Amino acid sequence: MKVITGAQIRAARGLVRWSADDLAAAAHIGISTVRRAEADDGFPPTTTANLKAIQLALESAGVEFIPENGGGAGVRFRKPSHAEK
């Protein structure tokens with residue numbers, strides 16, 4: 001699983017138009033955990049399990065996390081596979 005940043009979490013949540021409450025519910029974590037994870041641009045100060053839950057919830061909503069590759073880390077909508085069309 002890729003390491004994601006607080007900035008990516010904020011951007012991904014905006015992409016799918018979720019509130020922090022929506023993300024907390026989808027990830028089955030507390031709202032304070034979401035806010036803490038989003039507070040820093042870098043690596044979130046949260047447990048690995050909570051970060052994984054956040055990432056999986058956003059990926060299930062159609063987000064793809066783009067790793068740092070010289071152009072900066074980011075997010076985008078995942079391209080649907082043939083099976084999803």
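## Close-up views of a predicted model

**View 1. Contacts of Gln-8.** Gln-8 touches Val-3, Phe-65, Ile-66, Ala-73, Gly-74 and Val-75, leaving aside residues up to four places away in sequence. The model shown here and in the other views is predicted. Gln-8 belongs to helix H1, which spans residues 6-15. With a relative accessible area of 5%, Gln-8 is buried. A polar atom of the Gln-8 side chain lies 2.8 Å from the backbone oxygen of Gly-74. Gly-74 is also among the residues that Gln-8 touches.

**View 2. The buried side of helix H1.** Gly-6, Gln-8, Ile-9, Ala-12 and Arg-13 are the buried residues of H1. They cover an arc of only 155° around the axis, so they sit on the same side of H1. An α-helix has 3.6 residues a turn, so residues three or four places apart point the same way. After H1 comes Arg-17, with a positive phi near 60°.

**View 3. Salt bridge between Arg-10 and Asp-41.** The whole structure holds three salt bridges. In one of them, Arg-10 pairs with Asp-41, and the closest N and O atoms are 2.5 Å apart. This pair links distant parts of the chain, 31 residues apart. Arg-10 lies in helix H1, and Asp-41 lies in the loop between H3 and H4. Arg-10 is partly exposed, with a relative accessible area of 32%. Asp-41 is exposed, with a relative accessible area of 52%.

**View 4. Salt bridge between Glu-38 and Arg-13.** In this salt bridge the closest N and O atoms of Glu-38 and Arg-13 are 2.7 Å apart. Glu-38 sits in helix H3 and Arg-13 in helix H1. The two are 25 residues apart, and the pair links distant parts of the chain. Both residues, Glu-38 and Arg-13, are buried.

**View 5. Salt bridge between Glu-64 and Arg-76.** The closest N and O atoms of this salt bridge are 3.0 Å apart. Glu-64 lies in strand E1 and Arg-76 in strand E2, so the pair ties together parts that are twelve residues apart in sequence. Glu-64 is partly exposed, at 26% relative accessibility. Arg-76 is also partly exposed, at 42%.

**View 6. The largest nonpolar core.** This core has 17 residues. Those that touch the most other members are Ile-9, Leu-23, Val-34, Ile-54, Leu-58, Val-63 and Phe-65. At least two core residues come from each of H1, H2, H3, H4 and E1. In soluble globular proteins, nonpolar side chains tend to be buried together. Val-34 is in contact with Ala-20, Leu-23, Ala-24 and Ile-29, its neighbours within four places in sequence left aside. Phe-65, another of the residues with the most core contacts, is touched by Gln-8.

**View 7. Thr-46 in its loop.** Thr-46 lies in the loop between H3 and H4. Asp-41 lies in that loop too. Thr-46 counts as buried, at 16% relative accessibility. Asp-41, by contrast, is exposed. Thr-46 touches Thr-33, Ala-37 and Leu-51, not counting residues up to four places away in sequence.

How values were computed
Residues are numbered from 1 along each chain as its sequence is written. This is a predicted model: local features need pLDDT of at least 70, side-chain atom pairs count only at pLDDT 80 or more; totals for chains, interfaces and linings use all residues. Side-chain values use heavy atoms; hydrogens and water are left out. Helices (H or I, at least four residues) and strands (E, at least two) are DSSP runs, numbered from the N terminus. Buried means under 20% relative accessible area, exposed over 50%, partly exposed in between (1.4 Å probe, protein chains only). A polar contact is a pair of N or O atoms within 3.5 Å; within protein, one must be able to donate a hydrogen and the other to accept it, and residues adjacent in sequence count only if both atoms are side-chain atoms. Contact means heavy atoms within 4.5 Å. The arc is that of the directions from the helix axis to the C-beta atoms. A salt bridge is a side-chain nitrogen of Lys or Arg within 4 Å of a carboxyl oxygen of Asp or Glu. A nonpolar core is a set of buried Ala, Val, Leu, Ile, Met, Phe, Trp, Tyr and Cys residues joined through side-chain atoms within 4.5 Å.
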